[in-house]
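Here are my notes on the model, point by point. Please read them with the structure open.

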Amino acid sequence: MSARQPLDQALNEALLAVADDELVCGHRDSEWCAFAPMIEEDVAFASIAQDEMGHARLLYRLLEQRGQGSLDQMAFSRPLVGYKNAQILERQNAGWAQAIARHLVYDLYDDLLTGLYLEACTVGEVADIARLVRREERYHLEHQKTWIRHLGQGGAEARARMNGALGDVLAESGGLFEDLPAHRALKEAGVLPGLPSELQPEFSQRLAALCLTAGLDRPAAPSGGLGGRLGRHTADMEECLATMAEVISEAPNASW
Amino acid sequence: MTDEQRLQAFEARIASGEKIESDDWMPDLYRKQALRLILTHANSELMGALPEREWIPRAPGMHRKLAVLAKVQDEIGHAQLIYRVAEDLARPLGLTRDDFMKDLIAGRAKFHNVFSYPAPTWADVGVIAWLVDGAALVTQGALLRTSYGPYGRILRRICAEEAIHLKHGEDIVLTLAGGTKAQRQMLQDALSRWWEPLLHFFGPPDEVSPNTEQMVRWGIRLKSNEAMRQEFLQNYAPKILEIGLLVPDPALEKDPESGVWHYTQPDWDVFWKVVRGEGPKTKERLSLRRLAYEDQAWIRQAVQGAHHVA
C-alpha cells in the first residue's frame, strides 16, 4: 500500500463535496426554468444551471478517472449519506429573493473556493478545473450583483424581502465552510493551501461590501446548516434525490 | 397618396418579393393579422416549455439532463426573440409585452393546441422533441419566406435550432426503441398518445376562412394546412414505421401513384374544443403561468423602480 493512498482518498472526498454542491445547486436552478419573473431571466437561470451542472460533470469525470465509479452512478444513484453537498444548496426553491440570496452566497463562496483554494492544488487536473469553473462563476456573480442592486434599490418591499431572504440563507450557510478531516489531511500534506473554514472572513467582508453598495442591511456571518459534508441532509435532499433518480431507477442498467 | 394608392404600392412590393419592415406603412389588417400569427407562435414557444420542463429535474443521467435543459432554454429563448418582433409590430397599437402576458394568462390569447396535452412519461419527451418539433419545423419552414421581414429573419435562427432539437428527440426515441421491453412499450404508448394531436397540429384540411385567403395573398402565410400535414407525414411516417412502432391508424398508407398519404381524419371536434381552451392541461398550465406572474409582480415593480432611480 503506497503512502499516497490515504491522501488520494482525502482528495476524492474533498472533490466530491465540490461536485455535489455544483450538482444540487444546478438542479435547483434548473427548476426555475420557465417560472422566473421574466423571460430573459428564464434564459439566464437555465444557462447558469447548465454551467453548474457542467462543473459537476467535470468533477465527477475526474473522480471517475480516479476510480470512484461512473459519472451517472455518482451523480444520481448514491445513497443519501454519500452526498457531501452543503445543506443550504439542497433546500427547495422558495421564491425569487431566496434564489438570488442563495446564489449570491454560493457564487461568492465558489469564487473564493476556486480562486484561493482549489487553483492552488498541487494536483494539476484539480487546479485546471478550478480555473475553468472560476472563469464562469464570475459571470454568475455579476448576475446576482445586478439583482441585489435591483431589489435593494427597488423600493421598500423589495428591499425587505431581499434582506429577509439573505438573513434566512446565511442562517443556514455555515455548512459551506465546514471542514472535513480530509481537508485537514490535505492541508497538512501541502496538497491544498488551507481549509474551507479559513475562507469565511474574506467571504463575510466581500458580502458586506456588496450589501452596502446595494443598499441592503449589513449581513450576519454564515452559520447553521451543518453536517452536509458528513452526509447529513434535510428532507429536501431526499426529495431531490428521489426526483433525480425517478426515471433511471425504472431500469438502472438500461441505456436512457 | 390616398389609402387606395398606398395599398396598391404595398401589395406591389409584396408581389415583387420585397419584405415589409416594422416602420414601413402597412394596412391595419396586415399589422393585426401578422401580429396574431406571431403572438400565437411566441405564446406557443413559451407554453411549449412547460410539458418538457417537468422532466428536467427527472431526466435520466447527466447527458440527458443537460440536453433537455438546453432545449427548454432554446424554446424560451425563441419566445423572447419572437415577443420582441411582436413588440415592434404592436407599438403603434399601444400594446406592450405586459399586455401579451396578461392576455395569455387570462386565456384570451392563442397558443398551439399541442401544448395543452400531458407529457406523463420520459418517452413523451423524446416524442415531443422529435415529432412535435418536427411538425413545428414544417410550419416554421413554410413561413421562412413570409412577407414580414423581421419575423422571417428570426425564423431562420429558430429553424436552425429546431433542427438540433429533432436530433435530440430522435436520439431519445432510438435509445428507447432499442432498449428493454418496458422502454419500448413506454415509447409506443407515447406515440399512440401524440398521434392525434400531431395530425391536429396543422389544422383542418379545408381552410375557407377569408382570413386565411387574405394572409396568403399578403404573403404572411404561404402553405395550406393539408400541404404541411402531407409534408410531415412524408418526412416522418416512414421513419416511425422503420423503428418498428405502430401508428394507431390502420388506414395510414401512401398512394404509390400520387405520393399522397391517406389517413383517418382525426376527431376535429376535439381540435376545436382544445382551440376553445378546453384541452386536458390548458387550464392547469395557464394557472401555473398566472400564479408565477402574480407572485412576481413585486419583482417587476422593483426592477422598474430601480431603473427610474438609475
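1. Of the 256 residues of chain A, 51% count as buried. Buried means that 20 or more other C-beta atoms, placed from the backbone, lie within 10 Å of the residue's own.

2. Basis. This is a predicted model; local features need pLDDT of at least 70, side-chain atom pairs count only at pLDDT 80 or more, and totals for chains, interfaces and linings use all residues. Residues are numbered from 1 along each chain as its sequence is written, while chains are lettered from A and ligands numbered from 1 in the order in which they are written.

3. Fold. Chain A has 10 helices and 0 strands. Helices are DSSP runs of H or I with at least four residues, strands are E runs of at least two, and both are numbered from the N terminus. The radius of gyration of chain A is 18 Å, close to the 18 Å from the globule rule for 256 residues, so chain A is as compact as a globular protein of that length. The radius is taken over C-alpha atoms; the rule is 2.2 Å times the number of residues to the power 0.38.

4. Contacts within chain A. Among contacts with a separation of 6 or more, 75% join residues 24 or more positions apart. A contact means C-beta atoms, placed from the backbone, within 7 Å.

5. Interface. Chain B puts 39 residues in contact with 40 residues of chain A. Helix 2 (28-53), helix 3 (62-90), helix 7 (181-200) and helix 12 (297-309) of chain B each supply at least two residues of its side. Helix 3 of chain B gives the most, with 13 residues.

Notes:
A residue is buried if 20 or more other C-beta atoms lie within 10 Å of its own, exposed if 12 or fewer, and partly exposed in between; C-beta atoms are placed from the backbone. Two residues are in contact if their C-beta atoms, placed from the backbone, lie within 7 Å.
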